[in-house]
Amino acid sequence: MIAELGLAALWLAAALCAMQLLAGVLAVAGKGGNLAGLVRPAAIVQGMLALFVLAALIVLFARTDLSVLLVAMNSHSAKPLIFKVAGAWGNHEGSMLLWVTVMGLAGGFVALIDRRLPERTMLATLAAQAFVSLGFYAFLLFSSNPFTRLNPPAIEGAGLNPLLQDLGLAFHPPTLYFGYVGLSVAFSFAVGALVTREVGPLFARAMRPWVLGAWIFLTLGITAGSYWAYYELGWGGWWFWDPVENASLMPWLAATALLHSVGVLASRDALRTWTVMLGVVAFSMSMIGTFLVRSGILTSVHAFAVDPERGAFILVLLAIYIGGALVLFGLNAASIAEGKRFSLVSREGALVVNNVMLSAILAVVLFGTLYPLVTEAFDTRVSVGPPYFNPVGAAFFVPMVLVLMVGPLLRWRQDRLERVGKPLGIVWTALFMTGAILLAATAWIGWLPWIGLMLAAGLAVASWLPLRGRNLRRTPLAVWGMVMAHFGLAVAVAGMASESAFSVEKLVAARAGEQVTVGPWQVQFRGIEPVAGPNWTALEANLTAAYAGSPPVAVQPQARSFWSPPQQTSEAALVTRRFGQLYAVVGEAADGDRWQLRLWWKPFVTLIWLGGVLIALGGLLSLMGRVAFDVRRAFARRRIAMRREDMGR
Amino acid sequence: MNTIKAQRIKPKHQRLVLLVIAFVVLIAAGLLAAWALRSQASYFYVPSEILADAPEPDRAVRLGGMVENGSLRTEADGVTIAFVVGDGKARVPVRFTGIVPSLFVEGSGVVAEGKMGADGTFIADNLLAKHDENYVPRELQDMDAHQARQVVSETR
């Protein structure tokens, strides 16, 4: 019954979505008559219906209703409840439903609260949002129905990929989806503004919270995904330049650029066309990302739910949305009026450099990710990895960070570099001191880590300088957010550079009782024991590890075997200390009584994810500041309007 | 000086200047990417190809094929393994130091990332085996289609 209700609600939501599109388009074309009044309510009800559909699917999973095909394929009655619930979106159909739901809710929310934009632009925006949603509804209803019944019902579910039975991963895809969907709202705003050609500060202020929100989720999603890959894959790496990882990085790069250009548009009314273009690009990258992940067209260590036919469907949607938006851009962009001017040495100028460099990095990542596809057309199979991405990305990242140290200190419109000479002196000192200390105190660590650590030191100082001379209590939250995010970037870069510069690795075949030294750690191998969990058995290595003479702690990496479906995973064991992490993996029996152990000492590696969290936190502070400001202003406006009415105008 | 310049530039010109800067940087990014891709992309070989046309010694490449039955042995240090990868036409010895992926067994497919040594042994830094029962690296899927018959008759 629940499944049928869910399906009915899904059809109804799709119908409402079609109505929202039709009414919106007619109203914008000026032929709608009273239809314009339908658009907002349709968006709101559609969002609530979509939420109901998702709730229905979650209930089915929580009860393990095995008469539903999707549940039978992806769940198991013996799974813990939290993973049953997370299983609802841990598969293709469910994740697409989650996408549609979040998109519907976002559209409804825009319809409900946003009153800043001119009504016609608003209607065009909601119509664009309905257009995008409609494609996904069609996708769900015609090729990925989550509610298909199974007759007769299955006796037991087929389980969920054990690699996915992990709390981090249960919430990692939704986080990225929130980001992607937020960018779809930004896309709709961009299309709406393109249709009516009303691109200005009002548009930017309406769009900014969505870009910020999407960007926060993407940042958190990438950070969490990187940490997941680090401890779950057991390879000791935190970023593999894998297509699936790049698929999440590319929208983030575009969103970061958009975030900065929308800020310029909101406060200075410059970069109008560029911002609209980035709005289109950012969502395109989300769609390309979804396509790469879902189609399995590229070899990936994360390839789980792969189906070429569905990939083709996403590719068609991608072509329609992006092609349509680009045609609209080509037709209307030239008639968008030029924004305000600025000199090259100004806040705007620095932000242009930021935008151009981020776009260049985006292009580098996109080319590298798609290159294997291109060569495959000529029957040559290649893979592209760190030797390409690291140096080529750095060629644009380094100048970007150098400008980032100066940019926030500059004034809007025009400024002179000499004015900020003194604070810049401090930054350069920090930067070169770090470089010199590294040269003197350690062995050569390689170009990229060396440059990375210098940049991190310079930026760590430079990020706080915008607070100089301000009354800290009266500094707007948005400024704190910027400081925090830029400092977070410095922290993350420091972590990345130290990890590759100072990591120590030991690979041994050890007998019980043997001692191994890894960096400051003394690790003793005690032996191997079999252990069992709810749906797995494992061989667990008993290690004790002592950090620089302190009392030893137990470290227990496992080699796990799941039985439903049969699969083996390696569970790394981590010990975190203030200055880094010990990372232990157990392998196979080398011969009779020796076991393979792989141990790493990774100094400051945790800074990578700490930096990611700080960046997201900066975004959150900024979002809170902006929203609070908007709300205050809306109240003030209303008060003024009321007073005017009182005066009898 | 910049002040004067900013005032002299006409609105249309500023937009043009920005566009030109963006284009120049993006084209530079494209060219740099293209050049680096040509020199840094790691090519995929099957054993017969790598023997016929060996890559330059320092070039990172990937070698894919079937692990020959009976060829896998562990060396004295307990963490280095040696095995032979075949595609039905040719055989290449491979050495790997590290922990092998869980589903790496004789008679199954493997993709080894590494470099071709001067003595004709492939030195692998990383091995990719099947992820789970259903997952096969794409390169191997493809190879199976081309050469399934020979590989199966040769390796079983």
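I count two residues as in contact if their C-beta atoms, placed from the backbone, lie within 7 Å. The model I am reading is predicted.

**Chain A, overall**

I then noted the secondary structure of chain A, which comes to 17 helices and 11 strands. The radius of gyration of chain A is 27 Å, close to the 26 Å that the globule rule gives for 649 residues, so I put chain A down as being as compact as a globular protein of that length. Its C-alpha atoms fill a box of roughly 90 × 75 × 60 Å along the principal axes. Buried residues make up 53% of the 649 residues.

**Helices H1(A) and H6(A)**

I took helix H1 (residues 2-29) and helix H6 (residues 119-143) of chain A as a pair. Their axes come within 8 Å and cross at roughly 145 degrees. The crossing of H1(A) and H6(A) is left-handed. On H1(A) I found Leu10(A), Trp11(A) and Cys17(A) among the contact residues, and on H6(A) the list includes Arg120(A), Phe131(A) and Tyr137(A). I sorted the residues of this contact into 20 nonpolar, three polar and one charged.

**Ser71(B)**

I moved to chain B, where Ser71(B) lies in the loop between strand E2 (61-67) and strand E3 (73-74). I found 16 C-beta neighbours inside 10 Å, so Ser71(B) counts as partly exposed. Leaving aside neighbours within four places in sequence, Ser71(B) is in contact with Phe83(B) and Val84(B). I also noted Pro93(B), 22 residues from Ser71(B) in sequence and 9.0 Å away in space, C-alpha to C-alpha.

Note on methods. Residues numbered from 1 in each chain as written. Chains lettered and ligands numbered in written order. Predicted model: local features only at pLDDT ≥ 70, side-chain atom pairs only at ≥ 80, totals over all residues. Helix = DSSP H or I, 4+ residues; strand = E, 2+ residues; numbered from the N terminus. Buried ≥ 20, exposed ≤ 12 C-beta atoms within 10 Å, placed from the backbone. Axes fitted to C-alpha atoms, helices over the stretch in contact; angles between N-to-C directions. Left-handed = near helix turned anticlockwise from the far one by under 90°. Nonpolar A, V, L, I, M, F, W, Y, C, P; charged D, E, K, R; others polar. Rg over C-alpha atoms; globule rule 2.2 N^0.38 Å.
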